[in-house]
Amino acid sequence: FLNRYKGIGLNNVSSAKEASSIFVGVNNFLALASEMEGFKGELHKDPAYGLNIGFGYNITQRVLASEQNLRKELLSVGIDNRTIDEIIDISLMPQNKLQIAIDNFNRTRKGRTDLINIKQGLFLLSILQNEFKKSAAKIFGTAFTKMGKNQQEVLTYAAYKAGEGNLLKYKD
């Protein structure tokens, strides 16, 4: 991930707004998602459902889809197995108990609530981009493959933001 984007100032990024500005025209999915989602390096409750980290990386949904893939992704950003086990347990809590579990987890970390930094969050976001690009391509078919890179990235963000099922409503 870092090699793909070296030379654009990624090592100096310290906010979601800075991440967004350096990715405009380079990777518009990352630019849009970082601007619109904002960044939180600690575990937080998704307003709709589940447990999030970074730029809207929904841990609960990813655990339910494939715990093995989630584990691999979190290990790739430097989170250790013991912490991943705790995160998985929290992610499976009922929505009405999630905030209490997050607060308890943060208390045990003695003030070190950030699990990832912005670069790690962008890496996780790039994993989501690959998945949602497939969704957008499926929804828009051959029209998607004929589009330019920028258009594909914007529609990939739409698939990410709306979800594949909701985006199907706007196929035309």
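A salt bridge is a side-chain nitrogen of Lys or Arg within 4 Å of a carboxyl oxygen of Asp or Glu. Side chains of opposite charge can pair when their charged atoms come close. Keep that in mind on this tour, because the structure holds eight salt bridges by this definition.

Before you click, note that this is a predicted model, where local features need pLDDT of at least 70, side-chain atom pairs count only at pLDDT 80 or more, and totals for chains, interfaces and linings use all residues. Residues are numbered from 1 along each chain as its sequence is written, and side-chain values use heavy atoms, leaving out hydrogens and water.

**Stop 1: a network**

Select R62, E73 and E131 together: salt bridges link them in a network. Now zoom in on R62 and E131, whose closest N and O atoms are 2.6 Å apart. R62 sits in helix α3 (residues 59-65) and E131 in helix α7, 69 residues apart, so this pair links distant parts of the chain. (Helices here are DSSP runs of H or I with at least four residues, numbered from the N terminus.) Is R62 buried or exposed? With 11% relative accessibility, R62 is buried, while E131, at 33%, is partly exposed. Buried means under 20% relative accessible area, exposed over 50%, and partly exposed in between, with a 1.4 Å probe and protein chains only.

**Stop 2**

Next, select E67 and R71. Their side chains meet in a salt bridge of 3.6 Å, N to O. Both residues belong to helix α4 (residues 67-76), four residues apart, about one turn of the helix. E67 is partly exposed, at 37% relative accessibility.

**Stop 3: from α2 to α8**

Move on to E37 and K161, which form a salt bridge of 3.0 Å, N to O. Here E37 lies in helix α2 (residues 28-37) and K161 in helix α8, 124 residues apart. E37 has a relative accessible area of 27%, which makes E37 partly exposed.

**Stop 4: two helices packed together**

Finally, colour helix α7 (residues 118-146) and helix α8 (residues 149-162). They pack at an angle of about 110°, with their axes 7 Å apart. The two helices are therefore roughly perpendicular, a label for angles of 65 to 115 degrees. Residues in the contact (heavy atoms within 4.5 Å) include L125, F132 and F140 of α7 and L155, A159 and Y160 of α8. The contact residues divide into nine nonpolar, five polar and two charged.

Terms used:
Axes are lines fitted to C-alpha atoms, for helices over the stretch in contact, and angles run from 0 to 180 degrees between N-to-C directions. Angles under 35 degrees count as roughly parallel, over 145 as roughly antiparallel, 65 to 115 as roughly perpendicular and the rest as oblique. Ala, Val, Leu, Ile, Met, Phe, Trp, Tyr, Cys and Pro count as nonpolar, Asp, Glu, Lys and Arg as charged, and the others, Gly among them, as polar.
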